[in-house]
Structure formats: C-alpha cells, structure tokens
Amino acid sequence: MSTDCIFCKIVAGEIPATKVYEDEDVIAFNDIHPIAPVHFMIVPKEHIESLASAEEKHQALLGKILLLAPKLAKQQGLKGFRTMINTGREGGQEVFHLHVHVFGGGASLPKT
Ligand code: 5GP
Ligand code: ZN
C-alpha cells in the first residue's frame, strides 16, 4: 500500500467507492466522474504505479483483470464496451495506481 494513493485508500476501505466487484486480488468501482452512462475501473489491490511499472510477475494478474472486463460489463448490462489504460502523465494518467477503465452504455461511443 502506498500511503498517499487514492486507490490504495479505496482498497483499504478508507475512502468510500461504489464497488461493482471485489476479490482477493482486484477491486472494481465506479468512476467518480463518469464519462459514459456506465464507467467503472478494474484495479489490482497491489499498488502498481502504471502499466509501465508492471513486471513479468504480474502477468496472471493483468490477464485476470482483462478477463474480468467482459464479465463485469455484462453484469452492468453492456452489450459492448470500451477499455482504456492511461499510462504516464503524457498518456493522460492522473491516478498513479494501475487501473483499467471500462465504459459504455451510450448511444454510440466516439471513434478514436
Ligand atoms: P486516469 O486519468 O488516471 O486514467 O483516471 C483516473 C480516474 O480516477 C479518473 O477518471 C477520475 O475520475 C477517477 N477518480 C479520481 N479520484 C477518484 C476517487 O476518489 N474515487 C473514484 N471512484 N474515482 C476517482
Ligand atoms: Zn495505490
């Protein structure tokens, strides 16, 4: 746990969040500033700063997070969804604890 990390505080239950899933390795909760009708993030409980800091030992954890995305999206009623991982300040990352955004539910998502 990193003491001044918002997502570590959510993992520890020190900051409230609307959880959509939790197990021993990961937690998923709604984004506080959603950019789509459904917008949640899947977050490893371990503090990994970003995708660029992930190591070989995190391979199974990363796979687990990706495989969770369609399951949780389906539970949220989404027929399709978009995932996003912002990496580094220049990649638009604001919270430096690895997270996978999952969003959808709009009439249409903008093309990238
Ligand atoms: P990033 O730009 O790092 O990929 O995304 C960070 C996301 O975390 C943003 O979409 C932001 O709205 C969300 N966020 C920041 N602080 C909190 C918080 O305290 N609670 C929740 N649920 N989401 C947060
Ligand atoms: Zn953290």
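Of the 112 residues of the protein chain, 21% count as buried, and this figure, like the others below, comes from a predicted model. The chain holds 2 helices and 5 strands, which follow one another along the sequence in the pattern α-β-β-β-α-β-β. With a radius of gyration of 14 Å, close to the 13 Å that the globule rule gives for 112 residues, the protein chain is as compact as a globular protein of that length.

**Overall dimensions and contacts**

- Taken along the principal axes, the box filled by the C-alpha atoms of the protein chain is roughly 40 × 30 × 25 Å.

- Strands of a sheet pair through backbone hydrogen bonds, either parallel or antiparallel.
- In this model the 5 strands form an open sheet, in which the order is β1-β2-β3-β5-β4 and the pairing is antiparallel.
- The edges of the sheet are formed by β1 (19–22) and β4 (82–84), each of which pairs on one side only, and the twist from one strand to the next averages 20°.
- Strands β2 and β3 run antiparallel and are joined by 5 bridges; within this pairing, asparagine 30 has phenylalanine 40, in β3, as its bridge partner.
- Helix α2 packs on the sheet and touches β1, β2, β3, β4 and β5, while the direction of α2 makes about 155° with that of β3.

**The nonpolar core**

- In soluble globular proteins, nonpolar side chains tend to be buried together.
- The largest nonpolar core of this model has 17 residues, and those with the most contacts inside this core are Ala28, Phe29, Met41, Ile42 and Val102.
- Two or more residues of this core come from each of the elements α1 (6–11), β2 (26–30), β3 (38–44), α2 (59–75) and β5 (100–104), and the element that gives the most is β3, with 4 residues.
- Methionine 41, one of the residues with the most contacts inside the core, touches Ala28, Phe29, Asp31, His99, Val100 and His101 when residues up to four places away in sequence are not counted.

Key. Residues are numbered from 1 along each chain as its sequence is written. Chains are lettered from A and ligands numbered from 1 in the order in which they are written. This is a predicted model: local features need pLDDT of at least 70, side-chain atom pairs count only at pLDDT 80 or more; totals for chains, interfaces and linings use all residues. A nonpolar core is a set of buried Ala, Val, Leu, Ile, Met, Phe, Trp, Tyr and Cys residues joined through C-beta atoms within 7 Å. A residue is buried if 20 or more other C-beta atoms lie within 10 Å of its own, exposed if 12 or fewer, and partly exposed in between; C-beta atoms are placed from the backbone. Two residues are in contact if their C-beta atoms, placed from the backbone, lie within 7 Å. Two strands pair if DSSP finds at least two bridges between them. Axes are lines fitted to C-alpha atoms, for helices over the stretch in contact, and angles run from 0 to 180 degrees between N-to-C directions. The radius of gyration is taken over C-alpha atoms; the globule rule is 2.2 Å times the number of residues to the power 0.38.
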